[in-house]
Structures are given as C-alpha cells and as structure tokens.
Amino acid sequence: MSWFTRKDKGIQTPTEFKREAPDGLWYQCPSCKKAIHTREHRLFAYTCSSCNYHEKIGSQDYFELLFDQTRYTELDALMSSGDPLNFVDTKNYPDRVKATELKTGLKDAVRSAYGEMNGLPITIAAMDFSFIGGSMGSVVGEKIARAIDYSLEHKQPFLMISRSGGARMMEAGFSLMQMAKTSARLALLDEAKIPYISLLTDPTTGGVTASFAMLGDFNIAEPGALIGFAGPRVIRETIGKDLPKGFQSADFVLEHGFLDFIVDRKDLKDKLTSLLGMLQK
Amino acid sequence: MRTLLEFEKPIAELEHKLIEMRKLAIENNVDVTATVQSLTEKILELKKETFSNLTRWQRVQLSRHPDRPYTFDYIEKMCEEFIEIHGDRSVADDKAMVGGFGNIDGEFSVMFIGQQKGRNTKQRQYRNFGMPNPEGYRKALRLMKMAEKFNKPIVCLIDTPGAFPGLEAEERGQGEAIARNIRDMFMLKVPVICIIIGEGASGGALGIAVGDRVLMMENTWYSVISPESCSSILWRSWNYKEQAAEALKLTANDMEQNGLIDGIIPEPLGGAHLDPEAAAAKMKAVIKEELKKLCAMDTRARIDARIDKYGKMGVVVE
C-alpha cells in the first residue's frame, strides 16, 4: 500500500494555466526539470542549457531572434478569420476565434514580416501554435501566399517556420484549399529560383506537412520536433500496435531522408546566414 | 444481391411490389396495366423526392455505396482501349493508385490516374481500401510527367477515404509525397481535369486533385476531414457524424456554392450505382467538352489561370 493515494484520476492542468513561454524569474525545463534563470533561458534562444530541450515559442520570439535589432515590418498584421461556413460544433467558430484572440493577443495562427537577417534581406512567416493549435485556415493560407508574393517581388529568400496540428476543421473545404494555394505560390518561387527554407518545429503535422512545410529547397528542423503527416494516435489505431521510440521525431525524419539538417535554435540565425550566403556567392 | 441504404429501402420495397404484381399478372392472366403504371409513377415520384432531399450524411453514404462505380469501372466504360501503367520506379507499385493511357472516341488519348477501391473483402485489402501510400502519389506524379512529356491531357478520378496513415507511409514521407504532387501539378503543361467520383478526403484526395477543372459527381463529398473523424475530434465522440457532415458542408452543391470546385456532373436518378453506364457516358461527354476548351488555351495562360483560381479560395477579414 502506498502512503499517499491520488484522490482524483487524470488531473489535467486547465489550458489557461499552460504557458508557451514562462514569465517568472525562473524557468523549469519540462524535459530535465532543471531550473534555469529566465534571462539565461532567453540567451539560449529558449532552449535548455542542460538538455537542449527546445521550448515551444511563437512568431514574436522568432522575429526577435532572427531579424537584426528586432527591426522588421509586419505584413497583413490585421487580417483575421471570416466564418464562410457558419461552422458550429460545440462552440460556434467566430466565438472560438474571438476567445483565442483575447487569450493570445494574436489575430490568427501565422504572422509574416520582412527585414534583415545579418544584413541579408529576408521574408519570414512564423506560426503560432497557441492559436487553435496552429491550424491552417484561410488567413494562414492567404498570409503565407502573400508573404511568398513579397519574396517573389523583392527577390529575397523566404523562410517559413511551421508549428501546426494541420488543417482548421472549422473552415473545412476552404482550409483544404489553402494547401493548394500556398503550394501554387511556392511553385512560382521555385520557378524564379528564389531560395525557400522550411523550418519544421514541434509539432508539424497534417495538411501543413503535406503542403508548404515539406516543399523547401531546404527542409530543416529543430531538435526533437515531432514531424509527420498522420498524427501518432491515428497511426497507432490504424496498425493496432505501439509506435517505436523516436517515431516521427526530427532525427527519424532526417534518417529517412526528408530533412536536410537539424539545427539548434541558438545557431539558427548564423547557420541560415551562411547557407544563404553560399547561394548568393 | 443489391446493398440497400436505409433511405433506398422504401423505393426498393415498391420496386419489389411491382415485380410481384407483374408475376401475379402473368400467372393469373389478368390485366394490371393501370396499376403497374400508377405504381411506376409512384416509384419515380418517391425517387425524385428522396434524392432531391438527401441530407449531407446521406450523400456521404451514397458516395461510399458498395455498388458505386470505381475508377476502373469508369475507365473501362469510357475508353475503347486502355493500357495500365505500373510502379513509381522507386519503391513499389501501389495498388490503391492506378493509371494508364486510355483512348476516348478516337479523339483524345488521355492519361487516367485515380485511386482504386476493391469490391469484395479480398479486393478491398488488395487495394488498401483506396488509401494510397507515398509510392502511390509518386507513381501518380510519374504518370503525370509522362503525360506532359508526350503532350497528353490528364484526367484524375478521385475516390479515397484518405492517404494511408501507416507506419511505413510515414517512413517513406507521405507528407512530402502529397506536397510535391500538389506543387508540381500546378506547373503541368498539359490540361488537367479532376473528378471526385466517390470520397474526396483531405490531402489524400488533393494529392491528385489540382487541375484546370475540378468537378464533382453529384453524390460525392470532398473536404478536409471525414465526418466521422471530425466528430471524434470536435465532439470527442463518434456519434456526431451527421452533425459533422452538416457543419463541414462537404457535398458537391456546397463545394460549388463556395467556389471551391468548378462544376457538378449529374448522376442518374438514385445514384451512379443504379446505372453506371449512364454515369460514365455523362462523364465522358463532360471530359470531351472540357478538354476541347482547355486544349485551345495557351499553355502558360492555362497554368496561370490554374494558380489564380486557387489563389482566390479563402475568406478573410481585413
């Protein structure tokens, strides 16, 4: 008999207490449990200095990490979701969007901007998982398409930072067609021979993997990121077996030939600069 | 033995009655012409009423009807000649994705590509229930590039419950395979017509469904997720598939109204499975008509129009 028994089964932290980035003085790494000063954590680009766990960060953090002196111009900052299907499940869609906007301060699951990275002009689009699981609806598709247009027009490299559960069901058919819309623009970028780097972060699955995230000239990933088409639960149900350890991890995807390299976030800016520099010389 | 969906039963009952009556008339040598005629009219009326008032979930059921014509059925009925082509030249020949050159009325040589479902348990397994693996999508792309090389139009017939969510599929890059198809289909220099003939589930469908004309057969569905999976994710239960189907607006009518497809091919009354010949004849006529228009276009104009069309899809507030 144990000394203590758990009274409630399956205790779960309510979503409002879950944080993407910590705001206290100390940060506890969810992987190795080590406490790190938040200043140090930020200095290490929100990765754990002891186990290299990459905290899930959002578009703002990436813009700050990558654009010189955090100077950038955001594109389509005010674009937000419509409700083309009058979609209602347990909640209606506009209410869901409103609630998420209030909670996150974001307009949708992607933000795009242009600026300079170590002096090199670049357009970056980065996804926010905190906005309905980083799901892709019309806004995500449209903003990415326009960011690619900006790259095309100004002949500057495009960096896409994906972090998404896939399609946004509440936009059904419209959501599906964003896969086509974004891929179409990438076909034009490809034709114009402008470099496209796709950075896959934890997690990148579903329709995002099956469209722009896998179409980079360079597909790169953060360590430990879950990357796949079908989610692990669906696959487990399909094959009726437990999945091997490390299945769909960045290492696994690299090993199977679908990634060019894995890069630590704190080295990201410099490595991308070297790579793009080599393409220009 | 015909498989009957719940809403097909009252019609089948009347049809059965009609047969019984005719039998009775012959056995007893009585004149039943008047009753037969009124019953035939009644059947037609009931059919019209039933099939013009189908719920979205009933359409989904029709799209999966076990007697529905599949890719090979249409190809066989539309082409005088067909030569199947196998393999992705890399890993395997995916039996869930089929294709080859076919000849339509001696006018067009067409590259047909489509997901193939099986008719009985053994065939269904052999065809993996119409769920392609990455090699299926790569096979499809190989065939498309071959069509492009020989300047032949492409017709894709879409009928899949989704790309296969298996372990090996992930290992071999299911996401990458679909993504590449979607992107590369935009740049194909030949006309591409895509027709949803049954189920059009998500990326697994879109992986062969980017085209100059995207059409849906009347009783099919096309969306980002199946009603069942949508129910399980949003309602956390499998029991809300009817509501999910309504919410997803996944029928041909819905998709056309939302500007996400280019048109609908009408099916024989009661569904394509009741008269596959007529369904295929209608499809063939539409393909010929569209190909004539598309072949007359300049190559680059056709590609640009294809890209622009998808560029307009989506509703945002600015």
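**Entry 1: the largest cavity.** I sorted the lining of the largest cavity by residue type and got 6 nonpolar, 7 polar and 3 charged residues. For that sorting, Ala, Val, Leu, Ile, Met, Phe, Trp, Tyr, Cys and Pro count as nonpolar, Asp, Glu, Lys and Arg as charged, and the others, Gly among them, as polar.

A note to myself on ground rules: this is a predicted model, where local features need pLDDT of at least 70 and side-chain atom pairs count only at pLDDT 80 or more, while totals for chains, interfaces and linings use all residues. Residues are numbered from 1 along each chain as its sequence is written, chains are lettered from A and ligands numbered from 1 in the order in which they are written, and side-chain values use heavy atoms, with hydrogens and water left out.

How many cavities of 30 Å³ or more does the structure hold? I found 2. A cavity here is a set of points, on a 1 Å grid over the protein atoms alone, where a 1.4 Å probe fits but cannot get out; lining residues have an atom within 4 Å of a point. Grid points are joined across faces, edges and corners, and a volume is the space filled by probe spheres set on the points.

The largest cavity has a volume of about 110 Å³. Of its 16 lining residues, A:Ile227, A:Gly228, A:Val253, B:Glu170 and B:Gly173 are the closest to the centre. I see that α8 (250–255) of chain A, α7 (167–171) of chain B and α8 (174–186) of chain B each supply at least two lining residues. The largest share, 3 residues, comes from α8(B). Helices (H or I, at least four residues) and strands (E, at least two) are DSSP runs, numbered from the N terminus.

**Entry 2: the second largest cavity.** This one holds about 50 Å³ of space. Its lining is A:Leu186, A:Leu189, A:Asp190, A:Ile194, A:Tyr196, A:Leu215, A:Asp217 and B:Arg183. I count 5 nonpolar, no polar and 3 charged residues there. Helix α5 (residues 172–191) of chain A gives the most, with 3 residues.

**Entry 3: salt bridges.** My search of the whole structure gave 43 salt bridges over all chains, each a side-chain nitrogen of Lys or Arg within 4 Å of a carboxyl oxygen of Asp or Glu.

I looked up B:Lys47 and B:Glu15, whose side chains meet at 3.7 Å, N to O. B:Lys47 sits in helix α2 (residues 33–52) of chain B and B:Glu15 in helix α1 (residues 9–28) of chain B, so the pair ties together parts 32 residues apart in sequence. B:Lys47 counts as buried at 16% relative accessibility, while B:Glu15 is partly exposed at 22%. Buried means under 20% relative accessible area, exposed over 50%, partly exposed in between (1.4 Å probe, protein chains only).

I also noted a network of salt bridges that links A:Asp76, A:Glu142, A:Arg146, A:Lys181 and B:Glu318.

**Entry 4: A:Gln156.** Where is A:Gln156 found? I located A:Gln156 in the loop between α4 (138–154) and β7 (158–164) of chain A. A:Gln156 is buried, at 8% relative accessible area. Its side chain makes a polar contact with the side chain of A:Thr123 at 2.8 Å. A polar contact is a pair of N or O atoms within 3.5 Å; within protein, one must be able to donate a hydrogen and the other to accept it, and residues adjacent in sequence count only if both atoms are side-chain atoms.

How values were computed
1 Å grid on protein atoms, 1.4 Å probe; cavity = no way out; pocket = protein on both sides within 12 Å on 5 of 7 lines; lining within 4 Å.
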